[in-house]
Amino acid sequence: WVKTSGSKGLQMYVPLNSDTTYDSAHPFGRALAQLAESEHPDLVVSVIERAQRRGKVLIDWAQNAPSRTTVAAYSVRALPRPSVSTPVSWEEVDTAVESGDAGLLRFGPDAVLARLEDRGDLMAPLLEISQSLPALRTGSRTGPGTTRRPAPPPGASGPAPGPGRSG
């Protein structure tokens, strides 16, 4: 599931309605970010330094920490032109990327109320889906430039696609 930050970014959510702890979710998020970076080095970066991020998507795995905050869905951001953190579909993200128009993913308060009435709460399924965090594969080196790959769920060939994505 994906939502806008209400400012410049997108935030992805994975339901972990199980006994998952921070101690397992944090290294999993880092491994996933590093895997995406290693497989798509021209598109993805997992380090925060601005010089390395230019023209790439930052997967901010460090955001998943007790000391960090994330704006909640449907929060209005205090900007000169108020914008709302809004759940969106992957199709909407694809359309914005293909058109080169990030403005397609900016929503004011009135637009969000109309979306809620028309589409319902796109984040609601997060409360109903139950899944566990896959284990990290063991035996892999970790450190700068290395990755511990998340193991796929039993019986799967890779991570399950999100809503609106096909396998």
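**Labels and the values behind them**

Modeller: Let us begin with L122, which is placed in the segment after α4. Please keep in mind that this is a predicted model.

Colleague: Why is L122 called partly exposed?

Modeller: The relative accessibility of L122 is 26%. Buried means under 20% and exposed means over 50%, so L122, at 26%, counts as partly exposed.

Colleague: Which residues does L122 touch, leaving aside its neighbours within four places in sequence?

Modeller: L122 is in contact with W1, Y74, P87, V88, S89 and R115. A contact requires heavy atoms within 4.5 Å.

Colleague: What makes Y74 partly exposed?

Modeller: Y74 has a relative accessible area of 28%. That value lies between the 20% and 50% limits, and Y74 is therefore classed as partly exposed. Y74 is located in the loop between β4 (57–58) and β5 (76–77).

Colleague: What is noted about the phi of Y74?

Modeller: The phi of Y74 is near 75°, which is a positive value in a residue other than glycine. Most residues other than glycine have a negative phi.

Colleague: Why is L113 called exposed?

Modeller: L113 has a relative accessible area of 57%. The label exposed applies over 50%, so L113 qualifies. L113 belongs to helix α4, and its C-alpha atom is separated by 9.4 Å from that of Y74, 39 residues away along the chain.

Colleague: What lines the largest cavity?

Modeller: Its lining consists of Y74, T86, P87, V112, R115, L116, R119, G120 and L122. Helix α4 (residues 109–119) supplies the largest share, with 4 residues. By class, the lining divides into 5 nonpolar, 2 polar and 2 charged residues.

Colleague: How many cavities of 30 Å³ or more does a search of the whole structure find?

Modeller: The search finds 1 such cavity. The volume of the largest cavity is about 50 Å³.

Colleague: What makes β2 and β7 edge strands?

Modeller: The open sheet has 3 strands in the order β2-β1-β7, with antiparallel pairing. β2 (10–12) and β7 (87–88) each have a single partner strand, so one side of each is left without a neighbour in the sheet.

Colleague: How do you know that β1 and β7 are paired?

Modeller: Strand β1 (residues 2–4) is joined to β7 by 2 bridges. Pairing requires at least two bridges, so β1 and β7 meet the criterion. In one of the links to β7, V2 has V88 as its bridge partner.

Colleague: How does the span of helix α1 compare with the expected value?

Modeller: Helix α1 (residues 22–39) has 18 residues and reaches 25 Å from its first C-alpha to its last. This is close to the 26 Å expected at 1.5 Å a residue.

Colleague: Which residues of α1 are buried, and what do they pack against?

Modeller: A25, H26, F28, A31, A33, Q34, L35 and A36 are buried. The buried residues of α1 pack against β3 (44–45).

Colleague: Is R53, in turn, buried or partly exposed?

Modeller: R53 has a relative accessible area of 22%. Buried would require a value under 20%, so R53 is partly exposed. R53 is found in helix α2 (residues 50–53). Leaving aside neighbours within four places in sequence, R53 is in contact with V45, V47, I48 and L58.

Colleague: What can be said of the chain as a whole?

Modeller: The chain has 4 helices and 7 strands, arranged along the sequence as β-β-α-β-α-β-β-β-β-α-α. Of its 167 residues, 26% count as buried. Among contacts between residues at least 6 apart in sequence, 56% join residues at least 24 apart.

Conventions. Residues are numbered from 1 along each chain as its sequence is written. This is a predicted model: local features need pLDDT of at least 70, side-chain atom pairs count only at pLDDT 80 or more; totals for chains, interfaces and linings use all residues. Side-chain values use heavy atoms; hydrogens and water are left out. On a 1 Å grid over the protein atoms alone, a cavity is a set of points where a 1.4 Å probe fits but cannot get out, and a pocket is an open set with protein on both sides within 12 Å along at least five of seven lines; lining residues have an atom within 4 Å of a point. Grid points are joined across faces, edges and corners, and a volume is the space filled by probe spheres set on the points. Ala, Val, Leu, Ile, Met, Phe, Trp, Tyr, Cys and Pro count as nonpolar, Asp, Glu, Lys and Arg as charged, and the others, Gly among them, as polar. The expected span of a helix is 1.5 Å times one less than its number of residues. Buried means under 20% relative accessible area, exposed over 50%, partly exposed in between (1.4 Å probe, protein chains only).
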